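Hi everyone, thanks for coming. Let me put the sequence and the structure up on the screen, and then I'll walk you through them.

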Amino acid sequence: DGVLIAGDIADQGRISQLKLCADAWFKVFPDGKGSDGRPVEQLFLFGNHDSWAHLAKGAPAVWPDRAKVWEDLFHEPYADVRVKTVKGYDFILCGWGYQNGSLDVFKTAVASAGAKGRPFFAAQHPHPRGTCHGELAWGRDGGESTRILSAYPNAVVFSGHSHYVLSDERTVWQQSFTSIGA
């Protein structure tokens, strides 16, 4: 029903690297559909590697024009916080750096999804602080997402910044909500 990439689509912030993902997506899911014609939602977001324009070394970089680049490659509107609904379930997709300007949008999206009383999903690149992989994990956020999501036991959050393996028992954290390092 959907494919989630929790960031780091490109390695060095290059448009050409991001384009490889977009090309693969549209080859496998033309018009956003599986081989049987059913819709498959792209649930992608930017990670820190996508933002590293300084590493692009003269090649066209994703940032600072990330919204235009996203829209050109993935054929959908971009915002640092986007909500998509798949089979009635909300997915809140938070691009790298969303906490520096779109935290209120995130709070509103979480409150809206949480009020429906069913599970909902959020994805951001850094781990919510104090959740999966604990305080030893590099790549956790400042704690804002943990504070917001703690009021919603029906929340499931995916993150990916640390690149730890899924078989690590610390990958899944379940307390006030569920956090999974993907």
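First, a word on the model: it is predicted, so local features need pLDDT of at least 70, side-chain atom pairs count only at pLDDT 80 or more, and totals for chains, interfaces and linings use all residues. Residues are numbered from 1 along each chain as its sequence is written, and side-chain values use heavy atoms, with hydrogens and water left out.

Let's start with the sheet. Six strands make an open sheet with mixed pairing, in the order β3-β4-β5-β6-β8-β7. Strands here are DSSP runs of E with at least two residues, helices are runs of H or I with at least four, and both are numbered from the N terminus. Two strands pair if DSSP finds at least two bridges between them. At the edges sit β3 (81-86) and β7 (172-174), each pairing on one side only. From one strand to the next, the twist averages 20 degrees. Further in, β6 and β8 (residues 178-181) are parallel, with four bridges, and F158 stands opposite I180 in β8.

Now look at α3, which lies across β3, β4 and β5 and runs at about 165 degrees to β4. Those angles run from 0 to 180 degrees between N-to-C directions, using axes fitted to C-alpha atoms, for helices over the stretch in contact.

Which residues have the most contacts inside the largest nonpolar core? They are I92, F106, V110, F120 and L149, in a core of 19 residues. A nonpolar core means buried Ala, Val, Leu, Ile, Met, Phe, Trp, Tyr and Cys residues joined through side-chain atoms within 4.5 Å; buried is under 20% relative accessible area, exposed is over 50%, and partly exposed is in between, with a 1.4 Å probe and protein chains only. The most comes from α3, with five residues. A second, separate core of 16 residues includes V62, V69, F74 and Y78.

Contact means heavy atoms within 4.5 Å.

Last stop: α1, residues 15-28. Its buried residues are Q17, L18, C21, A22 and W25. They cover an arc of only 145 degrees around the axis, so they sit on the same side of α1; the arc is taken from the directions from the helix axis to the C-beta atoms. L20 and K27, on the other side, are exposed. The buried residues pack against β1 (2-5), β2 (41-44) and α2 (66-74).
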